[in-house]
Each structure stands twice: as C-alpha cells, then as structure tokens.
Amino acid sequence: MADGGELKITIVHDSKKHSVCLPYCDDKPLCVSDIEQAAQQVTQVPQCSQKLIFKGKSLTNRNQTLESLGIKKGSRIMVLGKKYDPEADDNMKAIRSVEQQVGELKSRLDQLNAELDGISKGFLEIDLIGPAVTKVHKQIKGLTEALMKELLTLDSLAAQQVTQVPQCSQKLIFKGKSLTNRNQTLESLGIKKGSRIMVLGKKCRLWNVNKIEFSKEDNMCVYNYGVTKDSKIHHCPLALTDYHNL
C-alpha cells in the first residue's frame with residue numbers, strides 16, 4: 001500500500017542496505033524498471049549491469065508491476081552487479097588516449113604556426129623560403145593523417161554507442177562496400193552529409209552523419225562531424241583536413 005504516496009523498500013548491495021522511496025503515479029503502476037533506476041542512484045551500478053533478486057527469484061521483466069510480484073512496503077531487493085568505474089571503461093580509456101594524442105598534435109601544430117609566422121615576417125632569406133614551406137607542408141600533411149586517425153577512433157566509439165556493437169565486432173558497409181581501412185579518410189570514401197553507414201553485428205542499426213561543415217579559422221579547414229541517434233549529437237570532434245595559404 002502507498003505510504004504518503006510512496007512505496008518504501010530496502011535495496012541491498014554488497015552487504016549495504018539502502019532505504020529508498022518509490023513515488024506512486026496515478027497513471028502508471030510501479031514496475032521493476034523503477035527499482036532499477038532507484039538502485040542505480042544508490043549503488044552506482046548501471047541498470048544494464050544489474051541483476052535484481054527478490055525472494056530468491058531474478059526480476060528479468062523490466063515492465064512487470066511490483067504489485068504482481070508481491071513487492072510491498074518493507075520488501076528487500078538484492079542488487080547484483082559492479083559499480084561503474086570510468087577508469088576501467090574501455091571507451092573512456094580510448095577517449096583519454098585520443099585527448100592526449102590530439103593535445104600533442106596541437107602542440108606540434110602551434111610550432112608549425114610559429115614557423116610559418118616567421119617565414120611570413122621575412123625572417124628567412126628568399127632562397128630558403130621555398131624549402132622551408134615545403135618542409136612545413138609535409139609536416140602538416142602528417143598531422144592531418146594523424147588527426148584523421150583519431151577521428152576514426154571516435155567515429156568507431158560513436159557507432160558502438162548507438163548500436164551497442166563492440167568495435168571489434170563491427171563491420172561497416174557504405175554503398176555495398178566494406179570499410180576495412182580504419183585510417184582511410186571519409187572524404188576519400190565519399191562519405192558526406194546524409195550518408196548512411198550500415199553497421200553489421202549484434203543489434204545492427206543505421207547511423208547517419210549529422211553534418212559536415214567547413215569553416216576557416218586561423219588558416220585551418222576543419223570538419224564539424226557528428227553522429228546522431230534520435231536527433232541527439234553524441235560527439236562533434238574536430239579534424240584538421242587541410243591547411244591553406246602556405
């Protein structure tokens with residue numbers, strides 16, 4: 001029965017007891033999913049990793065009502081599962097690695113900017129300008145390739161996020177062809193705004209390039225690239241694609 005409009009139960013995880021109150025709604029009965037949400041808040045165990053036990057039975061149907069299960073005031077629910085640890089999350093490790101690599105590449109780009117600034121101010125003799133610019137151009141091309149590699153890493157993480165298919169199990173298809181080279185640029189493949197990529201694997205879905213826009217900033221041409229699901233942008237990394245006015 002309701003007690004002040006709430007159902008008070010006890011959630012047990014790792015020998016710790018948590019008293020929680022589930023508010024009643026007039027238009028919706030309390031379900032197992034409501035316990036999952038409350039358990040995530042007090043135990044830090046993600047809903048997808050939880051296993052709920054009540055009177056020795058596993059609660060597997062998230063939509064089953066608590067009333068039908070006999071869960072009432074004072075009932076005890078055991079939660080099995082591990083707390084979310086971002087330090088152990090493979091995706092977070094990959095993102096931190098990308099952040100580190102991009103930071104190092106940015107430092108190198110700043111150095112090249114300084115060299116170009118010196119050239120433009122006439123700090124080099126005329127006969128040395130050509131070779132110097134050629135050298136800088138090659139270095140920037142290397143930075144472009146390195147940044148595109150990091151972008152593809154993020155793209156793979158985004159595909160995993162919206163499809164729940166692990167990177168190692170993904171097979172990407174574009175216009176009937178398998179995308180096997182992770183270092184190949186999207187531009188060379190003809191992937192642009194509105195392109196559709198088929199992800200093969202468990203829970204296969206389609207994901208779309210939300211938008212690709214060019215903008216000039218400090219003589220750089222950058223991609224604004226996002227992967228969407230239900231009109232929500234999951235990430236918008238920037239990738240250096242060209243360097244103008246060398």
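The following legends describe close-up views of a predicted model of one protein chain.

**View 1. Overall content of the predicted chain.** The protein chain contains five helices and 14 strands. Of its 246 residues, 34% count as buried. Among contacts with a separation of 6 or more, 52% join residues 24 or more positions apart. The accessible surface amounts to about 15800 Å², and carbon and sulfur atoms contribute 50% of this area.

**View 2. The five-stranded open sheet.** The strands follow the order E2-E1-E5-E3-E4, and their pairing is mixed. E2 and strand E4 (57–58) each have a single partner strand and stand at the edges, so one side of each lacks a neighbour in the sheet. Within the sheet, E1 and E5 run parallel and are joined by three bridges. Thr 10 has Arg 76 of E5 as its bridge partner.

**View 3. Helix H1 and the elements packed against it.** H1 spans residues 32–43, a run of 12 residues. From its first C-alpha to its last the helix reaches 16 Å, close to the 16 Å expected at 1.5 Å a residue. The buried residues of H1 are Val 32, Ser 33, Asp 34, Ile 35, Glu 36, Ala 38, Ala 39 and Thr 43. These buried residues pack against strand E1 (6–13), strand E2 (16–23), strand E3 (51–54) and strand E5 (76–80), and also against helix H2 (66–69). Gln 44 follows H1 and has a positive phi, near 65 degrees.

**View 4. Gly 74 in the loop between H2 and E5.** Gly 74 is placed in the loop that links H2 and E5. Although Gly 74 and Thr 10 are 64 residues apart along the chain, their C-alpha atoms are separated by 6.5 Å. Beyond residues up to four places away in sequence, Gly 74 touches Lys 8 and Ile 9.

**View 5. Ser 75 and its surroundings.** Ser 75 also lies in the loop between H2 and E5. Its relative accessible area is 9%, and Ser 75 is therefore buried, the limit being under 20%. A polar atom of the Ser 75 side chain lies 2.9 Å from the backbone nitrogen of Lys 72. With neighbours within four places in sequence left aside, Ser 75 is in contact with Lys 8, Ile 9, Thr 10, Phe 54 and Gly 70. Two of these residues, Lys 8 and Ile 9, are also touched by Gly 74.

Methods
Residues numbered from 1 in each chain as written. Predicted model: local features only at pLDDT ≥ 70, side-chain atom pairs only at ≥ 80, totals over all residues. Heavy atoms only, no water. Helix = DSSP H or I, 4+ residues; strand = E, 2+ residues; numbered from the N terminus. Expected span 1.5 Å × (residues − 1). Buried < 20%, exposed > 50% of the residue type's maximum accessible area, 1.4 Å probe, protein only. Contact = heavy atoms within 4.5 Å. Polar contact = N/O pair within 3.5 Å; in protein donor to acceptor, adjacent residues only side chain to side chain. Areas by Shrake-Rupley, 256 points an atom, 1.4 Å probe, with all protein chains shown as cover. Pairing = 2+ DSSP bridges.
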